[in-house]
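Please read these notes with the model open beside you, and find each residue as it comes up.

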Amino acid sequence: MGSVQLNGSGLVASLSPNHIFRHKARLSNSKSSLLCSRHNVTRVKSIRAISTAPASQPPVADEQDDEPPAVDFAFVHSVLLPDGTPDVHWRRACGGQKLRDIMLDSNIELYGPYSKPLSNCAGVGTCATCMVEIVNGKELLDPRTDIEKEKLKRKPKNWRLACQTNVGNPDSTGLVFIQQLPEWKAHEWNIPRNLPVDDPETST
């Protein structure tokens with residue numbers, strides 16, 4: 001099993017001391033850059049990893065003076081790419097929404113084997129099949145709800161239910177790294193000690 005390392009500049013997949021890749025992703029078409037209103041997220045036609053360049057940074061849409069505040073997301077799939085590097089999908093959405101809605105509206109896999117009708121509770125918090133691991137950016141999320149505390153009491157503290165997790169407010173900005181389908185992931189996370197990791201139980 002490989003490991004994925006997170007640092008201040010981006011994602012690094014570490015399979016051996018000599019096998020380190022840093023990934024950069026970008027919007028494949030400038031016309032499909034994300035613009036969000038206060039309560040929705042628009043979809044991108046395609047987002048793909050394009051290089052393994054050093055010192056990569058999260059992709060940003062072309063800066064515009066009138067662009068509304070938005071939160072950037074790095075969603076990491078549970079299955080690594082054939083070359084052993086992380087499969088990262090970048091998205092941007094307005095804050096003030098449920099994480100579940102952002103993921104589904106952005107075509108990000110959430111339920112895995114539980115995606116069929118009647119295999120999940122459709123977002124009411126009773127089935128606990130929408131678990132995600134918040135690798136970094138917990139300060140942009142609200143604290144665990146009572147439902148999460150009950151359903152996830154045997155899980156790590158940085159695991160959340162997407163249907164119960166609110167992402168900031170409409171004025172929020174920042175970056176959140178999210179591990180999809182943490183129970184099925186083929187890698188482990190290594191987070192350097194100097195990278196701040198906030199406790200979701202105490203963040204506001």
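1. Is E183 buried, partly exposed or exposed? E183 is partly exposed, with a relative accessible area of 44%, where buried means under 20% relative accessible area, exposed means over 50%, and partly exposed lies in between, computed with a 1.4 Å probe on protein chains only. The side chain of E183 meets that of K155 in a salt bridge, with 2.9 Å from N to O; a salt bridge is a side-chain nitrogen of Lys or Arg within 4 Å of a carboxyl oxygen of Asp or Glu. This pair links distant parts of the chain, 28 residues apart, with K155 in the loop between α2 and β10 and E183 in the loop between β12 and β13 (187-190). K155 also counts as partly exposed, at 29% relative accessibility.

2. A word on the basis of these notes: this is a predicted model, in which local features need pLDDT of at least 70 and side-chain atom pairs count only at pLDDT 80 or more, while totals for chains, interfaces and linings use all residues. Residues are numbered from 1 along each chain as its sequence is written, and side-chain values use heavy atoms, with hydrogens and water left out. The helices (H or I, at least four residues) and strands (E, at least two) are DSSP runs, numbered from the N terminus.

3. Salt bridges come to nine by the rule given above. Side chains of opposite charge can pair when their charged atoms come close. One of the pairs is E148 with R160, whose closest N and O atoms are 2.7 Å apart; here E148 in helix α2 and R160 in strand β10 are 12 residues apart, and the pair links distant parts of the chain. E148 counts as buried because its relative accessibility is 0%, and R160 is buried as well, with a relative accessible area of 1%.

4. Another salt bridge joins the side chains of E150 and K153, at 3.3 Å from N to O. In this pair E150 counts as partly exposed, at 47% relative accessibility, whereas K153 is exposed, with a relative accessible area of 55%. Elsewhere, E67, D72 and R92 are linked in a network of salt bridges.

5. Which residues touch the most other members of the largest nonpolar core? Of its 25 residues, these are F73, L99, M103 and I178, a nonpolar core being a set of buried Ala, Val, Leu, Ile, Met, Phe, Trp, Tyr and Cys residues joined through side-chain atoms within 4.5 Å. The elements that give two or more residues to this core are β6 (71-76), α1 (99-105), β9 (131-136), β10 (159-161) and β12 (174-180). Apart from this core lies another, of seven residues, among them V88, V135, F177 and W189. If residues up to four places away in sequence are not counted, I178 touches F73, A74, F75, V76, L99, V132, E133 and I134, contact meaning heavy atoms within 4.5 Å.

6. Strands β6 and β7 run antiparallel and are joined by six bridges; two strands pair if DSSP finds at least two bridges between them. The bridge partner of A74 in β7 is W90. Strand β7 (residues 88-93) is mostly covered, since five of its six residues are buried.

7. Two loop residues deserve a look. G125, in the loop between α1 and β9, counts as buried because its relative accessibility is 4%, and, leaving aside neighbours within four places in sequence, G125 is in contact with I147, K151, C163 and Q164. D142 lies in the loop between β9 and α2 (146-151), and a polar atom of its side chain lies 3.1 Å from the backbone nitrogen of N166.

8. How many disulfides does the structure hold? The structure holds zero, a disulfide being a pair of cysteine sulfur atoms within 2.5 Å. For C127, the closest cysteine sulfur is in C121, and at 3.5 Å this is too far for a bond. For C130, the closest is in C163, and 3.7 Å is again too far for a bond. C127 counts as partly exposed, at 28% relative accessibility, whereas C130 counts as buried, at 2%.

Methods:
Polar contact = N/O pair within 3.5 Å; in protein donor to acceptor, adjacent residues only side chain to side chain.
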